Amino acid sequence: MKTLKDIDVKDKNVLVRTDYNVPLKDGRVESDLRIRASLPTIEYLKEQGAKKIILMSHLGRPKGWDDELSLRPVAERLKALLSSGRSGALAQVLLPQKTMPSTAPSSPRVQFVDRIAGEEVKQAVEDLPEGGILLLENLRFDSREKENSSELAREIIESTGSEVFVQDGFAVTHRAHASTDAVTKLLPSVAGKLVEREVAGLSKVLTDPERPLVAIIGGAKVEDKSPLIEKFEQLADKILVGGKIAADGYKADSGKTYVAEDFDLDTEGMKLDIGPLSAGKILEELKGAKTVLWNGVLGKVEDPAFSTSTELVAKFLGEHSEITSIICGGDTAGFVEELMEKNPELDYSLVSTGGGAALVLLTGGEMPGLAALA
């Protein structure tokens with residue numbers, strides 16, 4: 001996989017695929033983890049003398065143009081982050097400290113254009129000062145994005161005058177879309193710092209983990225997690241299964257797999273969290289671990305009454321930095337993110353932004369957005 005060190009960006013317009021699929025509420029960004037995770041690549045491009053930086057992303061699942069899913073609030077949050085010069089603790093668990101921006105740029109310039117391609121985009125790029133940053137509108141407002149349209153990719157490149165493409169949206173690398181695949185056929189393409197870090201962290205678990213390696217697997221759907229469990233039955237020294245898949249009676253095929261055996265119930269008798277016996281056994285197993293991969297929450301974490309076991313495990317890993325802790329999966333990473341906001345002293349090796357992409361990589365599935373960077 002080619003990375004930023006393999007390409008010269010000086011005096012070039014650089015097109016960057018980010019993952020700004022962030023939660024919005026009342027027109028404001030609720031969680032900026034993914035925005036902060038993009039800062040090291042942006043800062044690197046600026047430091048290396050990129051002429052202009054054009055960012056593109058999707059947000060949500062729009063069916064055509066939808067002002068409520070506009071990326072304009074993201075542009076405002078990005079501008080604020082660059083102005084403050086602070087990336088925050090959450091981005092620091094994504095990338096090594098040395099790659100994080102250390103000082104605020106003297107004059108951060110972030111612009112937004114409510115188009116994806118065309119004359120308005122071309123004019124916005126022309127008006128952008130050298131070193132400036134432009135964020136395009138939500139890619140999925142155009143149906144050709146998900147169709148992996150070469151025509152759309154070409155329109156974006158021509159409108160922005162881009163000479164180099166940087167893939168820095170790890171969460172979409174398992175998709176063959178115009179902004180992840182088609183664009184790579186038209187421009188020299190490399191991985192950004194976020195993608196490089198995520199791939200390295202997850203791949204090391206598969207190929208060269210420090211042992212004992214323990215996998216914690218939770219979540220709701222057995223069909224989603226069975227491939228991961230099967231994979232780690234071959235790789236891990238211990239597998240710990242919780243969440244709804246345990247509550248629904250998942251049966252282990254291997255003696256190295258422990259499935260939660262007691263549960264906390266709601267008033268209707270629904271098993272919504274693993275119980276204290278199971279949580280205690282999981283924590284005991286973690287005490288001897290050198291590497292922990294965690295995918296899937298252990299209870300119904302959206303209800304604080306049933307987030308106890310997930311919080312216990314998250315705090316244990318965050319308080320034991322000697323353990324290489326890889327946190328992946330949307331719900332799990334989101335929970336840890338919120339926990340870190342309240343407890344900034346917690347420290348993890350990698351909190352993946354990948355969601356489904358991390359699961360595909362770990363189970364050996366196709367990753368078109370990475371294959372295109374070979």
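**Close-up views of a predicted model**

**View 1. Six strands pair in parallel to form an open sheet in the order 5-6-4-1-7-8.** The model shown here and in the following views is predicted. The edge strands of this sheet are strand 5 (110-112) and strand 8 (189-191), each of which pairs on one side only. From one strand to the next, the twist averages 25 degrees. Helix 3 packs on the sheet and touches strand 4, strand 5 and strand 6. The direction of helix 3 makes about 175 degrees with that of strand 5.

**View 2. Strand 1 and strand 7 (residues 164-167) run parallel and are joined by four bridges.** Val14 has Val164, in strand 7, as its bridge partner.

**View 3. Helix 2 (residues 39-47) packs with helix 3 (residues 72-84) at an angle of about 65 degrees.** The axes of helix 2 and helix 3 are 12 Å apart, and the crossing is right-handed. Helix 2 contributes Leu39, Ile42 and Glu43 to the contact, where they meet Leu78, Leu81 and Leu82 of helix 3. By class, this contact has five nonpolar residues, one charged residue and no polar ones.

**View 4. Helix 5 (residues 119-127) has Val121, Ala124 and Val125 as buried residues.** Seen down the axis of helix 5, the buried residues fall within an arc of 100 degrees and therefore line one face of the helix. Glu119 and Asp127 are exposed, and are carried on the face of helix 5 turned away from its buried side. The buried residues of helix 5 pack against strand 1 (13-17), strand 4 (52-56), strand 6 (132-135) and helix 6 (150-160).

**View 5. An open sheet with parallel pairing has six strands in the order 11-10-9-14-15-16.** Strand 11 (257-259) and strand 16 (350-351) stand at the edges; each has a single partner strand, so one side of each is left without a neighbour in the sheet. Within the sheet, four bridges pair strand 9 (residues 213-217) with strand 10 (residues 238-241) in the parallel sense. Opposite Val214 stands Lys238, in strand 10.

Methods. Residues are numbered from 1 along each chain as its sequence is written. This is a predicted model: local features need pLDDT of at least 70, side-chain atom pairs count only at pLDDT 80 or more; totals for chains, interfaces and linings use all residues. Side-chain values use heavy atoms; hydrogens and water are left out. Axes are lines fitted to C-alpha atoms, for helices over the stretch in contact, and angles run from 0 to 180 degrees between N-to-C directions. Helices (H or I, at least four residues) and strands (E, at least two) are DSSP runs, numbered from the N terminus. A crossing is left-handed if the near helix is turned anticlockwise from the far one by less than a right angle, and right-handed if clockwise. Contact means heavy atoms within 4.5 Å. Ala, Val, Leu, Ile, Met, Phe, Trp, Tyr, Cys and Pro count as nonpolar, Asp, Glu, Lys and Arg as charged, and the others, Gly among them, as polar. Buried means under 20% relative accessible area, exposed over 50%, partly exposed in between (1.4 Å probe, protein chains only). The arc is that of the directions from the helix axis to the C-beta atoms. Two strands pair if DSSP finds at least two bridges between them.
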